[in-house]
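Please open the model in your viewer and keep the selection tool at hand. The tour goes from stop to stop, saying each time what to select and what to look for there.

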Amino acid sequence: MLAIIEAGRRPCKAAGAAAILLGVKGFISGLSLVSVFLACPPPAVRATEAPAAPVQPGAASPSEALYQFSTAKLLAVEGSVPEALEAFEEAEGLAPAAFYIRVEHAQLLARAGEISRVPATRQDYLRRAAAKIEEARRLAPENLDVLRAAGSIYLDLSLVDPTAQATAITALEAVRRAAPSDVPASLSLGQLYLEHRQPAQAVQVLRDLISRVPQQRVAYALLIEALLRSERGREAEDTLGEILGFDPASLESRLTLADLQAQRGDHEAALATLRAAPAEVVDDPRLRRKLAWELYAAGDLEGARTTVDDLLTQAAGSADPEMPSMQLVKGLVLAAEGHSGEALGLLQGLHAAQPANAPLAATVARLLVRDGRRDEGVEVLRRLAADLGRQGRAAQEREVLLDLAQVQLTAGDVAGVEATVAPLLDSPDAAARQQALLLRTDALLQAKRYDEALAVLPAGGASPEAEGRRAEVLYRSGRESEARTALAALATRGETRAAIAAAQVWQRLERYEDSIPVLEKVVADHPETAVAWFLLGAAAERSGRREKAVAALRRTLELQPDFQAALNYLGYTYAEAGENLEEALRLVRRAVALDPENGSYVDSLGWTYHRLGRHEQARGYLERAARLEPTDATLYEHLGDVYVALGQNDRARDAYRRALELGADNAEKVRRKLSDLDRSPKKRG
């Protein structure tokens, strides 16, 4: 200690003396420049201070304050916190203008609070730390080290006192203004803004930091989080692209980018991102699993099946927790390919292991229904709904009941629909109430019980959709004038939702021309409304305005790339015209991947293969489509055309006759095809 006291008489050698003391104690890091400041203040600080007053007789010398400060530091390192705090207090009394002592004192109090396991004690230490750093701020309000310490301490205090966040932000913003390349301060500030639900400010701070200190991984991670919280997904994608630019092997960044691209429906972009992975990560199971999902979502069923089979082979015999997700992909691929039996075998096993998985149960139920096992499918959904009800998971229970009602409606089980939706008609969830009401109305319409349907849909219903459905019931029951008045009022109300509801009614009634002016006004007033563009495209195609239809459908997919019906409609339109067939195939494959049990989509896929001259593939899909939609006359005409191309004339005759029985729109054309077959040599298929 004599060395330190002696250093007080030779202030500019204080740092060397402090190092001697540290050597005795066995430390390898310095005390901090605080000891130097006490004995030999930095020029920048001295320049801002008033000239020192003459030392009065009996006043403490700098060496005494340095001795107490050094003792406090050593005691703190040894873990003697109470003694260290006492030494800091004495040092402060000896050097009342030395703000650095208060900084170190405050930081020790904060560390003591961090490690305390008693909440009350932790809070007390942190509040004392905040009070102490305020003393330092009063002595040196612009000093960066003081401001950094204040930001850190108030950040810790905010965990027990959220009001401290504002003070932390103020201090760290001051650091950022003075030292914009200060990485810890900017990172802490960005995180604070995120915790304070101010993601836009976090984006500004983190972007500025990255521009000054490039390739800061933590800053990039926080920036992506801030962009996503600000609903700026495209900017988040661009930022992830920047990361991959300087670190292409960053698997987390690549997977996150692919996720974002897939979430906005651009599965082709997600595939491109995954396929661009460098050699060192290309075989990583996580990347391969994501690739399998994206291949399936993009409609590349063969690629998805090959990828998932490889993964399942590699994981065979292991306890890989990701095995079920890959089995799910395989089951979905099999279902999309029409192998319902194999798909059910796989998915039912998964359902048995995950009985509470509602989407999986719904998929299994739909497959059972399509496989002719409707009662089993209904029972799966009933059991799941009952289990969810017992668990108090009301929202999920409602979703399953609505799925069940839809299955029953498709099967023509009117009584079943009414029984299933009855408890939902009084649901506290407005959306569930409306869906239940519309399902009940559809069931009554299906049974042509128009008076009952009108009774459950009073005039001026609870929603535009309900009002539209009432107008539809009026029209179908022969009250066309009333229906037209109601639809005109709905369409001209000045609400997008109401206008779309009116247009949908006209289209369900196959009055496509009546829907076009309504939809043209909607897209003129609200050009970002994807569903209005789709309905306009469908109406234009049905009205013979093909170019207008294609333009509207393309606009739909620009706004919403995963719009299943638009994918199918545009692909089928191209296939019918015999143009852009490869694009048509890509579009309808995606539609089928998104909804593999939709018979209309499967029909489009089969028809596209036929137009491409791939008749055997076409036959498989069209036969499956006929099982999914056994009352679709157009589908049977397509099937007949494919049988003719394969030379299976007997089967073609059966298909054409079935189309006529179902009331084909172009019955005369189908009869001519039958007549042509009768004049040609008979071939057995």
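A residue is called buried when its relative accessible area is under 20%, exposed when this is over 50%, and partly exposed in between, using a 1.4 Å probe and protein chains only. This is a predicted model, in which local features need pLDDT of at least 70 and side-chain atom pairs count only at pLDDT 80 or more, while totals for chains, interfaces and linings use all residues. Residues are numbered from 1 along each chain as its sequence is written, and side-chain values use heavy atoms, with hydrogens and water left out.

**Stop one: Leu-553**

Select Leu-553, which lies in helix α32 (residues 546-559); helices here are DSSP runs of H or I with at least four residues, numbered from the N terminus. Leu-553 counts as buried because its relative accessible area is 0%.

**Stop two: the nonpolar cores**

A nonpolar core is a set of buried Ala, Val, Leu, Ile, Met, Phe, Trp, Tyr and Cys residues joined through side-chain atoms within 4.5 Å. The largest one has 85 residues, and Tyr-296, Met-326, Phe-534, Leu-557, Leu-570 and Leu-605 have the most contacts inside it. A second, separate core has 68 residues, among them Ala-185, Leu-222, Leu-223 and Leu-260.

**Stop three: helix α17**

Which residue caps the N-terminal end of α17? It is Asp-284, with a side-chain oxygen 2.8 Å from the backbone nitrogen of Arg-286, a polar contact being a pair of N or O atoms within 3.5 Å, where within protein one must be able to donate a hydrogen and the other to accept it, and residues adjacent in sequence count only if both atoms are side-chain atoms. Select the helix itself, residues 285-297, whose buried residues include Leu-287, Leu-291, Leu-295 and Tyr-296. Show α15 (251-263), α16 (267-275), α18 (301-315), α19 (323-336) and α34 (581-594) too, as these are included in what covers the buried residues of α17. After the helix comes Gly-299, whose phi is positive, near 90°.

**Stop four: helix α23**

Next select residues 394-410, which form helix α23. The expected span of a helix is 1.5 Å times one less than its number of residues, so the 17 residues of α23 should span 24 Å, and this agrees with the 25 Å between its end C-alpha atoms. Its buried residues, including Val-400, Leu-404 and Val-407, pack against α21 (358-370), α22 (374-390), α24 (414-421) and α25 (430-446).

Arg-653 is in helix α38 (residues 649-661) and is buried, with a relative accessible area of 4%. Follow its side chain, which reaches the backbone oxygen of Leu-677 at 2.8 Å.

Lys-448, by contrast, is exposed at 62% relative accessible area and sits in the loop between α25 and α26 (450-456). Although Lys-448 is not a glycine, it has a positive phi of about 60°. Finish at Glu-510, in the loop between α29 (496-508) and α30 (512-525), where the residue is exposed at 59% and phi is positive, near 60°.

Methods. Helix = DSSP H or I, 4+ residues; strand = E, 2+ residues; numbered from the N terminus. Contact = heavy atoms within 4.5 Å.
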